[in-house]
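Please walk me through this protein model from its sheets down to single residues.

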Amino acid sequence: VAASTDATGGSAAGADWDLEAACGTVETTLSAPAAEALARWEGRLASYTVTDFTDNPFSFFTLRAAIDSANSSAGADTITFANFGVPMTIELSSMLPTITGTVSIDASSGGAPTVTLDGRFLGGGADGLQLYSGSDGSTVRGLRIQNFSQDGIDISGSGNHVIAGNWIGLDRLGSGAAGNQQGVNLWNTSGNRIGGSSEADRNIISGNSGVGIYIGGGSTANRIEGNWIGLDSTGAVAVGNLNFGILVESAGNTLGGTGSSARNIVSGNGDGIVLSGGSASGNQILGNWVGLSAAGSSAIGNTFDGIRLENGASGNTVGGAASGARNVISGNGRDGVRITDEASDGNAVLGNWIGSNAAGTAAPGNGGDGIFIRNGADSSRIGGAAPGEGNWVVSPGLVGIKIDGSSTGTTIRGNRVGT
């Protein structure tokens with residue numbers, strides 16, 4: 001075994017690659033390409049462990065001190081927490097430093113988050129964590145983030161982050177709200193993954209007073225996958241985000257995916273998923289359950305619409321021909337899918353189950369129409385001729401598929417409306 005007793009990294013960062021301490025003999029040598037790569041890399045590896053769970057500004061072992069140190073260190077850094085699975089709460093007395101370098105903040109302990117970041121004593125405009133310019137490629141994992149007057153996590157001017165395995169807006173027990181204003185805010189950022197394909201990657205983003213996840217400011221190529229948005233930690237009870245589960249006002253983002261592990265469950269909120277404004281184009285909403293429990297068997301409806309495209313949102317796709325792209329949209333208080341307003345044109349709704357449970361064995365329905373196109377939204381495509389493109393619309397409170405007002409040019413094809 002060999003280990004370093006000083007800073008590890010390139011000489012330009014005041015570090016070296018030597019392993020000064022050894023027990024026994026290390027016989028393996030680096031290959032030439034690996035040795036050359038190390039010699040040319042000028043960064044520095046640094047790891048910081050939080051052992052002080054106060055917010056004492058004079059301590060060297062708080063999260064605040066660790067972020068300051070990581071920002072000052074060249075290269076990628078790691079921050080971990082020595083709480084050994086015991087629940088701990090960091091009650092902030094002021095906002096944490098903005099993160100300006102690449103860092104992995106990892107509080108995971110193999111189950112529910114045990115480290116809580118609490119902003120209850122801060123004033124207005126307070127964020128939990130800010131990932132800003134210079135922090136590209138960072139990871140935030142395994143935290144409970146609650147009671148901030150603005151965003152739980154704010155990402156702006158940087159990208160390619162991973163936000164996974166956090167509870168954002170839930171209380172310590174996972175059964176009630178300890179909300180932020182917004183859970184995760186994406187602004188002028190691209191290439192982020194919020195959630196992931198494993199249970200350990202799942203964020204639960206619930207109980208926030210505004211929006212669970214917001215995407216705006218030109219943000220693109222972001223993936224929102226595998227999250228529970230608006231549910232408690234069991235997935236069986238609503239702890240809704242007051243306004244929207246997900247609100248998108250940018251182009252080219254993907255919500256969900258075609259594999260079951262990418263499925264978001266967006267239930268119990270004011271509205272489920274909303275794409276809004278002329279910048280909201282070319283987004284994909286794939287494979288999600290909207291208005292159902294995590295088991296998919298019972299309704300935990302969003303108060304208003306399951307999915308709504310509005311105010312000029314155009315060229316977006318809800319569902320797809322592949323069975324994995326199917327959204328199941330049921331139990332919502334108003335419409336399953338609503339497309340509304342002038343210039344909300346050229347959107348496609350394909351292959352979804354609207355009104356059924358996830359297994360197709362019961363029909364909790366939606367309170368209003370299954371699909372409602374209105375108020376000048378033109379050239380929508382509802383179903384299609386190709387296999388799998390037709391929607392199944394069952395048990396609406398009002399009409400299965402409805403076009404109203406000045407909307408024109410819609411094609412409705414290949415759908416099954418009723419049993």
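Twelve strands form an open sheet, in the order 6-8-11-14-17-20-23-26-29-32-35-38, and the pairing is parallel. At its edges lie strand 6 (88–91) and strand 38 (416–417), each of which pairs on one side only. Here helices (H or I, at least four residues) and strands (E, at least two) are DSSP runs, numbered from the N terminus. Two strands pair if DSSP finds at least two bridges between them. In general, strands of a sheet pair through backbone hydrogen bonds, either parallel or antiparallel.

The model is predicted: local features need pLDDT of at least 70, side-chain atom pairs count only at pLDDT 80 or more, and totals for chains, interfaces and linings use all residues. Residues are numbered from 1 along each chain as its sequence is written, and side-chain values use heavy atoms, with hydrogens and water left out.

Strand 32 (residues 353–354) and strand 35 (residues 392–393) are joined by two bridges, in the parallel sense. There, Ile354 stands opposite Val393 of strand 35.

Strand 18 (residues 211–216) runs parallel to strand 21 (residues 244–248), and four bridges join them. Ile215 faces Val248 of strand 21 across this pairing, standing opposite it. Further along, strand 30 is joined to strand 33 (residues 371–374) by four bridges, again in parallel. Thr340 stands opposite Arg374 in strand 33. Strand 33 also pairs with strand 36, in the parallel sense, over three bridges. In that pairing Ile373 stands opposite Ile403 of strand 36.

Which residues of strand 5 (residues 77–81) lie on its covered face, and which on its uncovered face? Asp77, Ile79 and Phe81 make up the covered face, while Thr78 and Thr80 make up the uncovered one. In a regular strand the side chains alternate between the two faces of the sheet. Strand 5 pairs in parallel with strand 7 (residues 103–106) over four bridges. The bridge partner of Thr78 in strand 7 is Ser104.

Step back to the whole chain. Its secondary structure comes to two helices and 38 strands. Of its 419 residues, 53% count as buried. Buried means under 20% relative accessible area, exposed over 50%, and partly exposed in between (1.4 Å probe, protein chains only). Contact means heavy atoms within 4.5 Å. Among contacts between residues at least 6 apart in sequence, 78% join residues at least 24 apart.

Next come the loops. Ala221 is in the loop between strand 18 and strand 19 (223–225). Its phi is positive, about 60°, although Ala221 is not a glycine. Is Ala221 buried, exposed or partly exposed? Ala221 is partly exposed, because its relative accessible area is 45%. Ala343 lies in the loop between strand 30 (337–340) and strand 31 (348–350). Phi of Ala343 is also positive, near 70°, in a residue other than glycine. With a relative accessible area of 41%, Ala343 is partly exposed.

Gly346 sits in the loop between strand 30 and strand 31. Its relative accessible area is 39%, so Gly346 counts as partly exposed. Gly346 and Ser314 are 32 residues apart in sequence, yet 5.7 Å apart in space, C-alpha to C-alpha. Beyond its neighbours within four places in sequence, Gly346 touches Gly315, Asn316, Asp378, Ser379 and Ser380 by contact.

Helix 2 (residues 63–72) holds Ser69. Ser69 is partly exposed, at 31% relative accessibility. Its C-alpha atom is separated by 9.0 Å from that of Ala46, 23 residues away along the chain.
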